[in-house]
Amino acid sequence: MRAVPAPKVWVTGLTVGAIAAVVALAVQADKGTKPSAVATTRPSVSASPSVSAQPEPSATAVPDGSGTGRRIVYSLGEKRVWLIDASEAARRTFAVWPGAVDPAPGTYSVSLRRGDPTTGSDGVRIEHIMYFTAVDGVNVAFSNAVDGSSPPPANGTPTGGIRMKTADGSALWTFGETGTKVVVVN
């Protein structure tokens, strides 16, 4: 008896079935823990060494006493933020420029988000604003300047904006939904 080759329809059906299975698994994986910010920038030939989507080697350790679980960690002393996912992995870390008013160390949560550009108390156009506390009537929030610049000196004005580069502001915005835990450490 002669072997009959499989019709092309069977092979096509098997291929479609395999693709469907991979897509179904990807959808299931996506329904797991909340998404975390992942660096999506690619270095270019003229990339500046100060622009880094990956944690800096000297700053990869999450500060002691920063809690557990999915959270944003802000170190007053290091002037740095970490985005920590539910598996306790630091998904991104970056330097920030704090305002003149510092929050007290402790645990807070993102209470309000404002994505549209507006003018900060220092007169700079800002976006991706994420409020998490107030100190003596001054709102403390993460944000980035629309043009990516660092804030000018406070000149005696009590400002609570914690600024960052534009790419870091976008990553923080994606990571920090309303209610996301913010842990401030010394």
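# Exercises on a predicted protein model

In the lining of the largest pocket, 13 residues are nonpolar, 10 are polar and 3 are charged. The structure is a predicted model.

## Exercise 1: Confidence and overall architecture

State the mean pLDDT of the protein, and describe the order of its secondary structure elements.

*Solution.* 

Step 1. The mean pLDDT is 78, and a value of 70 or more is reached by 68% of the residues. Residues 9-57 have a pLDDT below 50; in the model, this stretch makes 25 contacts beyond near neighbours in sequence.

Step 2. The protein contains 2 helices and 10 strands. Read from the N terminus, the order is α-β-β-β-β-β-β-β-β-β-α-β.

Step 3. Of the 186 residues, 33% are buried. Consider next the contacts between residues at least 6 apart in sequence: 54% of these join residues at least 24 apart.

## Exercise 2: Salt bridges

How many salt bridges does the model contain?

*Solution.* 

Step 1. The count is 4 salt bridges.

Step 2. Take the pair of glutamate 88 and arginine 71, whose side chains form a salt bridge with an N to O distance of 3.1 Å. Glutamate 88 belongs to the loop between strand S2 (80-84) and strand S3 (90-95), whereas arginine 71 belongs to strand S1 (residues 71-75); the two are 17 residues apart, and the pair links distant parts of the chain. Buried means under 20% relative accessible area.

Step 3. Take arginine 91 and aspartate 85, whose side chains meet in a salt bridge at 2.5 Å, N to O.

Step 4. Take arginine 92 and aspartate 168, joined by a salt bridge of 2.8 Å, N to O. Arginine 92 is part of strand S3 and aspartate 168 is part of helix H2 (residues 166-175), so this pair ties together parts of the protein that are 76 residues apart in sequence.

## Exercise 3: The largest pocket

Which strands each supply at least two residues to the lining of the largest pocket, and which residues are the closest to its centre?

*Solution.* 

Step 1. The largest pocket holds about 380 Å³ of space. It is lined by 26 residues, and the closest to its centre are Ser121, Thr159, Gly160, Gly161 and Arg163.

Step 2. At least two lining residues come from each of strand S6 (118-119), strand S7 (125-135), strand S8 (138-145) and strand S9 (161-164). The most is given by S8, with 4 residues.

## Exercise 4: Residues apart in sequence

How many residues lie between tryptophan 82 and valine 62 along the chain in terms of separation, and what is the distance between their C-alpha atoms?

*Solution.* 

Step 1. Tryptophan 82 is in strand S2. Its relative accessibility is 0%, so tryptophan 82 is buried. Along the chain, tryptophan 82 and valine 62 are 20 residues apart, and their C-alpha atoms are separated by 7.1 Å.

Step 2. Glutamate 177 is in the loop between H2 and strand S10 (181-185). With a relative accessibility of 31%, glutamate 177 is partly exposed.

## Exercise 5: Positive phi values

Where do lysine 79 and aspartate 136 lie, and what are their phi values?

*Solution.* 

Step 1. Lysine 79 has a positive phi, near 50°, and is a residue other than glycine. The loop between S1 and S2 contains lysine 79. At 43% relative accessibility, lysine 79 is partly exposed.

Step 2. Aspartate 136 is not a glycine either, yet its phi is positive, at about 50°. Its place is the loop between S7 and S8. Exposed means over 50% relative accessible area. Aspartate 136 reaches 79% and is therefore exposed.

Conventions
Residues numbered from 1 in each chain as written. Predicted model: local features only at pLDDT ≥ 70, side-chain atom pairs only at ≥ 80, totals over all residues. Heavy atoms only, no water. 1 Å grid on protein atoms, 1.4 Å probe; cavity = no way out; pocket = protein on both sides within 12 Å on 5 of 7 lines; lining within 4 Å. Points joined across faces, edges and corners; volume = space filled by probe spheres on them. Nonpolar A, V, L, I, M, F, W, Y, C, P; charged D, E, K, R; others polar. pLDDT = per-residue confidence, 0-100. Contact = heavy atoms within 4.5 Å. Buried < 20%, exposed > 50% of the residue type's maximum accessible area, 1.4 Å probe, protein only.
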